[in-house]
Amino acid sequence: MAIRDFFRKNTPEETQEERYILSIDGGGMRGIIPAILLNKIAMLLEEQGDRRPLYAHFDLIAGTSTGGLLALALAAPAEKTKLTLDGRFISYIYDQNELTVTDKLLRRKASQTLMGTLPFGIQVSALERLYVNHGKEIFPKTQGRLFSQIFTDKYDSEPLERYLKDTFGDIALKDAVVPLMVMAYDVANGRPFPLSSRDSHGYLFWEAGRATSAAPTYFKPAYLYDRQDECMQTLIDGGIIANNPALFAYSEAKKLYPDAKKFHILSLSTASSDFGFTISGAGSGVIGWIDPAKGTPIQKIYAGSQLQAADAIASVIPDLCYTRVHGTLGEQVKLDATGTSALAIMKEKALEIYRDNEEGILSFAEKLKARKLFDQLTLGPKEIDQLPAPTIVERAKEEPPMQSPELSSYYSFLSRYNIQEDDGKQEGVQT
């Protein structure tokens, strides 16, 4: 029996099906802001006793541009990437019997049967370091001369592409551990082009990352072979159509979970500001609207208006509970800012946004912690059985590794990925 069939079978019929979505905005280096917010949320859940990997809390993870890269990192099979694994959280899924009235009166504990082990997630705290360590590599200051932008893209896309290939290798998008969607735009045919694990067009993780981050004027388009339609696609940054991908994520979730009665979206911003542009009485002209020295006004106006539209529409959809975590940073930090002072400003803004939105975040975290349904996981029983079981971890304290093939394999797994045991505290949340 497949794992999703098991959970559907064991879910009471009267329970209203609810789904949880993580949506992350685009914004270049400002992606460090949602990266810090994600770590704060992961820490919050851990402090409340929920030790499941962050990805396992969501039924869909979506992102655009830099938010798409974060979504890819969270939903990738972590052990196949170059990302830092979080070995502290080896979490287990249990079938827990319902307590009778007598059991409750006598304070008996519910009996549990181990159904499977969740795979390792990435170390969420390491997401911030990706921007600190690789920002200058992707946005080098030796490039991006103002005059040259009239004729060429501001940055060479090779460093970004090289980083994505090195990080994700040849992982197929369809192999995401939870449903995943990143936004791109098919510029040749003039249409939104969501890349999802459900409808991946045969793309790999690194290719989806290259497409969703191909911001016009910054990087050249991604010319990728579509293995499904057997043609070349010209894809650019999904921020052209959905810098906040929440509505497209909602649409994707409706296809994935047609029986769901309620959807909850946690939408993380990159602190983009509403852009105002003063136009003289004679008008601005073509150069004024696209002037790089003024931040390419027409591009910022489009991006800002899309954010406003997404917020306005999402907040009135009847079956959608929309939690927007947002703050404004102003124009003092550009999308490609990699300097120490700019990073410090963005980190402080992230903490400020968390404080300002703490009530909504806490409320959403409570819902995540309370969930019992895990049929969104894409692992089958065989794959789950190959992961370390809790009995192995418990025996590790009493039995030398070499006396047990299971333990030897387990320690080899930890050593391979440079994972440290957390003093036997990998038992996770029993659900």
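**Exercise 1.** Find the residue with which Arg-227 forms a salt bridge, and describe where the two partners lie.

*Solution.* In this predicted model, Arg-227 forms a salt bridge (a side-chain nitrogen of Lys or Arg within 4 Å of a carboxyl oxygen of Asp or Glu) with Glu-207, and the closest N and O atoms are 2.9 Å apart. Arg-227 lies in the loop between β7 (222–226) and β8 (231–237) while Glu-207 lies in helix α7, so the pair ties together parts that are 20 residues apart in sequence. Helices (H or I, at least four residues) and strands (E, at least two) are DSSP runs, numbered from the N terminus. As for accessibility, Arg-227 is partly exposed with a relative accessible area of 38%, whereas Glu-207 is buried at 6%; buried means under 20% relative accessible area, exposed over 50%, and partly exposed in between, with a 1.4 Å probe and protein chains only.

Before going on, note that residues are numbered from 1 along each chain as its sequence is written, and that side-chain values use heavy atoms, with hydrogens and water left out. Because the model is predicted, local features need pLDDT of at least 70 and side-chain atom pairs count only at pLDDT 80 or more, while totals for chains, interfaces and linings use all residues.

**Exercise 2.** Work out which parts of the chain are linked by the salt bridge of Arg-198 and Glu-252.

*Solution.* The side chains of Arg-198 and Glu-252 meet at 2.9 Å, N to O. This pair links distant parts of the chain, since Arg-198 is in the loop between β6 (191–196) and α7 (205–212) and Glu-252 is in helix α9 (residues 246–256), 54 residues apart. Arg-198 is partly exposed, at 43%, and Glu-252 is buried, at 5%.
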